[in-house]
Amino acid sequence: MRPVIVTCAVTGSAQQFRSNPAVPITPEQIATSALEAADAGAAMVHIHVRDPDTGAPVGHTHLYREVVDRIADAGSDVIVNLTCGYGGRYVPSAADPRVADPVSNLIGPEERTAHVAELRPEVCSLDVATMSFGEQVFMNTPDHLRQMAAVIRAAGTTPEIEVFEAGHVRLATHLVDTGVLARPTHFQLCLGIEWSMPATAEAMSFLRSLLPADATWSAFGISRHQFPMVAEAVRQGGHVRVGLEDNIYLERGVLAPSNAALVERAAQIVEREGARVATPAEARRLLGLADRRAPVA
């Protein structure tokens, strides 16, 4: 039976907590939810942080550190995957489109990866994507990506390359071919996000066909597409991601009580499709983390 890595995206940056109180906000809540997801079968947890008072997305290193330390102090061997997505949102002001509206959070590549440089997680996300994201623009220029990739490599961290469109895969492959990103690569196929590739078997297959031959990959669908895309990713030979970042429902009309509940449902689907859930140790071997992890000074 093929081992399938289940990643849990614990909280994200949207305002889902207004609709589902199970979405964690504080570092303690995020770490606790990540540990529960690991106990349910997640080999990797994907971490964003929020302002503990307002729930707004932030990128503060001290909050990432608290989450990471709490997971480590619990003795869990789950793989921690810190996002580098915060700081890429741009909205032009109405008066001058060259000037950012105050709702933008656009910051430079060094600031976007400061927590990776300091905390040196095993994995972090790298969004090789510039795209419309609702009414905003998610901006990741090639030069910014090169700078972020250099910080990630210096930290000894493996990037999870997040792609939403075919052009994103082509750019990521160029970064691999030019040595900016090291082989072998691990991709996350992000499906169903507004104005990007739909959450369909055909879209997943097309993106998968563009990946480097030696790449590993995972996929997710948002909202009602989450569990169908779990099944499809297993069928197509990939790994899977679920979590309250992407979907707040366990089934139609039923709010998910926890990230662990979503992971448990994903594990059931993985097994139903004739595979099995990978342990963190197996996930490390599949992703080559043991060989690529830099020694800690």
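How many bridges pair β7 and strand β10, and in which sense? I looked this up first: β7 and β10 (residues 136-138) pair over two bridges, in the antiparallel sense.

**Ground rules**

I am working with a predicted model, where local features need pLDDT of at least 70 and side-chain atom pairs count only at pLDDT 80 or more, while totals for chains, interfaces and linings use all residues. I number residues from 1 along each chain as its sequence is written, and side-chain values use heavy atoms, with hydrogens and water left out.

**Entry: the open sheet**

I take strands (E, at least two residues) and helices (H or I, at least four) as DSSP runs, numbered from the N terminus. Two strands pair if DSSP finds at least two bridges between them. With that, I find an open sheet of three strands in the order β7-β10-β9, with antiparallel pairing. β7 (89-90) and β9 (131-133) stand at the edges with a single partner strand each, so one side of each has no neighbour in the sheet. I also checked one bridge here: Arg89 has Phe138 in β10 as its partner.

**Entry: around Phe138**

Arg89 turns up again, lying over the face of Phe138 at 5.9 Å from the ring centre. My rule for a charge over a ring is NZ of Lys or CZ of Arg within 6 Å of the ring centre and within 35 degrees of the ring normal. A second case is Arg265, whose charged end sits over the ring of Phe227, 5.7 Å from its centre.

I then searched for aromatic pairs, meaning rings of Phe, Tyr and Trp (its six-membered ring) with centres within 6.5 Å; planes under 30 degrees apart are stacked, over 60 edge-to-face, and the rest tilted. The count comes to one. That pair is Phe133 with Phe138, edge-to-face, at 6.1 Å centre to centre and 70° between the planes.

Phe133 counts as partly exposed because its relative accessibility is 26%, and Phe138 counts as buried because its value is 4%.

**Entry: the barrel**

Next I traced a closed barrel of eight strands, β2-β3-β6-β8-β11-β12-β13-β14, with parallel pairing. The twist averages 25° from one strand to the next, with axes fitted as lines to C-alpha atoms (for helices, over the stretch in contact) and angles running from 0 to 180 degrees between N-to-C directions.

I followed part of it strand by strand. β6 (residues 79-82) and β8 (residues 123-127) run parallel and are joined by two bridges; Leu82 has Cys124 as its bridge partner in β8. β11 and β12 (residues 186-191) pair in the parallel sense over four bridges, with Leu189 in β12 the partner of Val163.

**Entry: Cys190**

I stopped at Cys190, which lies in β12. It counts as buried because its relative accessibility is 0%. Beyond neighbours within four places in sequence, Cys190 contacts (heavy atoms within 4.5 Å) Glu162, Val163, Phe164 and Phe220. Cys190 and Phe164 are 26 residues apart in sequence, yet 5.0 Å apart C-alpha to C-alpha.

**Entry: the cores**

A nonpolar core here is a set of buried Ala, Val, Leu, Ile, Met, Phe, Trp, Tyr and Cys residues joined through side-chain atoms within 4.5 Å. The largest holds 79 residues, and Val45, Ile47, Ile71, Phe187, Leu189 and Val270 touch the most other members. Helix α9 (residues 259-272) gives the most to this core, with eight residues. Apart from it lies another core of nine residues, including Ile5, Ala43, Val123 and Ala283.

Definitions and conventions
Buried means under 20% relative accessible area, exposed over 50%, partly exposed in between (1.4 Å probe, protein chains only).
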